[in-house]
Amino acid sequence: MFAKHLNFTRAAEELHISQPALHVKVRKLAEALDRPLYRKEGRRLTLTPEGEAVARFARELDDRTTAFLAEVQGRSPGRVPVLAAGEGAFLYLLGEAVRTAAPRPRLVNGDRARTLTAVRTGRADLGVAVLDVLPHDLTAVHLATYPQVLVAPEDHPLAARPSLTLADLAGASLVVPPPHGPHRIMLERALRAAGVPWSVAVEASGWPLILHFVALGVGLAVVNGCVRVPEGLVARAVTDLPAVPYHAVHRPDRAGDPLVTGLLAAISSRLPPAAARDGRRASDDRRP
């Protein structure tokens with residue numbers, strides 16, 4: 001439960017024990033293994049490689065126990081695949097695959113770091129995320145690449161241009177994600193490197209809320225090109241921002257697992273049209 005939530009309070013609530021009791025259990029397990037199982041990175045907790053290995057072992061042991069008990073009791077030990085991804089991927093990239101895949105996967109929602117942790121610990125069979133740097137310990141399959149686009153009301157002066165550069169955003173008031181997120185960090189670095197002055201109109205979490213604020217006239221926004229823009233808004237590619245690559249990731253030892261290959265095939269065959277032109281076949285694995 002701690003590996004699932006990376007938060008002692010939420011994990012303890014799900015286990016129906018006190019937070020101090022859970023903290024003691026995790027600490028005693030770490031002492032018994034003589035290895036740290038988690039560390040603090042800023043304000044968040046992350047698993048160490050040893051912590052990921054312990055969580056993975058525990059899940060595999062639980063799966064084997066469940067399958068054994070099903071066999072003894074004469075029940076089917078079948079398991080549905082588990083897919084982890086962020087809000088944007090589920091909203092704009094994976095919806096058709098989730099709706100039509102057979103068996104329908106169980107879903108885990110989390111940001112990029114939590115998606116990778118879910119795959120590494122065995123909580124998810126497959127994860128989908130934007131990856132600028134491919135993880136060395138996971139197999140990555142390129143799905144699609146999108147430009148980054150500026151979203152503006154259709155009557156905004158910038159909406160009349162077929163494409164834009166960062167310089168065109170000078171003086172703009174932007175709707176942006178909260179600080180410390182990967183998209184916010186990337187955008188701030190790019191604007192600073194280009195010497196472009198800008199201001200924060202409002203901070204919002206998630207593409208739908210960001211687009212809602214743009215539609216209200218609060219400001220403009222830079223989003224991934226896979227985002228579906230509502231009526232009354234237009235999207236224009238910002239040509240000097242890096243493209244956004246979506247990858248599916250799984251553990252290398254799961255490469256031949258039908259749960260992984262079946263889910264990956266379902267996703268690859270049901271990508272939106274723009275993604276299908278950019279994506280590679282499911283067999284084009286990249287193993288760093």
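Is His5 buried or exposed? His5 counts as buried, at 15% relative accessibility, where buried means under 20% relative accessible area, exposed over 50% and partly exposed in between, with a 1.4 Å probe and protein chains only. This is a predicted model, in which local features need pLDDT of at least 70 and side-chain atom pairs count only at pLDDT 80 or more, while totals for chains, interfaces and linings use all residues. Residues are numbered from 1 along each chain as its sequence is written, and side-chain values use heavy atoms, with hydrogens and water left out.

**Whole chain**

- The chain has 11 helices and 14 strands; these are DSSP runs numbered from the N terminus, helices being H or I of at least four residues and strands E of at least two.
- Of the 288 residues in the chain, 41% are buried.
- A box of roughly 70 × 40 × 35 Å, taken along the principal axes, holds the C-alpha atoms.
- Among contacts (heavy atoms within 4.5 Å) between residues at least 6 apart in sequence, 71% join residues at least 24 apart.

**His5 and helix α1**

- His5 lies in helix α1, residues 2–5.
- Leaving out residues up to four places away in sequence, His5 touches Arg10, Ala11, Glu14 and Arg114.

**Helix α2**

- At the start of α2, a side-chain oxygen of Asn7 comes to within 2.9 Å of the backbone nitrogen of Thr9.
- Phe8, Ala11 and Ala12 are buried in α2.
- Viewed down the axis of α2, its buried residues fall within an arc of 100°, so they line one face of the helix; the arc is that of the directions from the helix axis to the C-beta atoms.
- The buried residues of α2 pack against α1, α3, β1 (38–41) and β2 (44–47).
- His16 follows α2 and has a positive phi, near 60°.

**Packing of α2 and α3**

- The axes of α2 (residues 8–15) and α3 (residues 19–33) come within 9 Å and cross at roughly 100°; axes are lines fitted to C-alpha atoms, for helices over the stretch in contact, with angles from 0 to 180 degrees between N-to-C directions.
- α2 and α3 are therefore roughly perpendicular to each other, the term for angles of 65 to 115 degrees.
- Phe8, Thr9, Ala11, Ala12 and Leu15 in α2 meet Gln19, Leu22, His23 and Val26 in α3.
- The residues of this contact divide into six nonpolar, three polar and no charged; Ala, Val, Leu, Ile, Met, Phe, Trp, Tyr, Cys and Pro count as nonpolar, Asp, Glu, Lys and Arg as charged, and the others, Gly among them, as polar.

**Ala144**

- Ala144, in strand β6 (residues 139–146), is buried with a relative accessible area of 0%.

Terms used:
Angles under 35 degrees count as roughly parallel, over 145 as roughly antiparallel, 65 to 115 as roughly perpendicular and the rest as oblique. A polar contact is a pair of N or O atoms within 3.5 Å; within protein, one must be able to donate a hydrogen and the other to accept it, and residues adjacent in sequence count only if both atoms are side-chain atoms.
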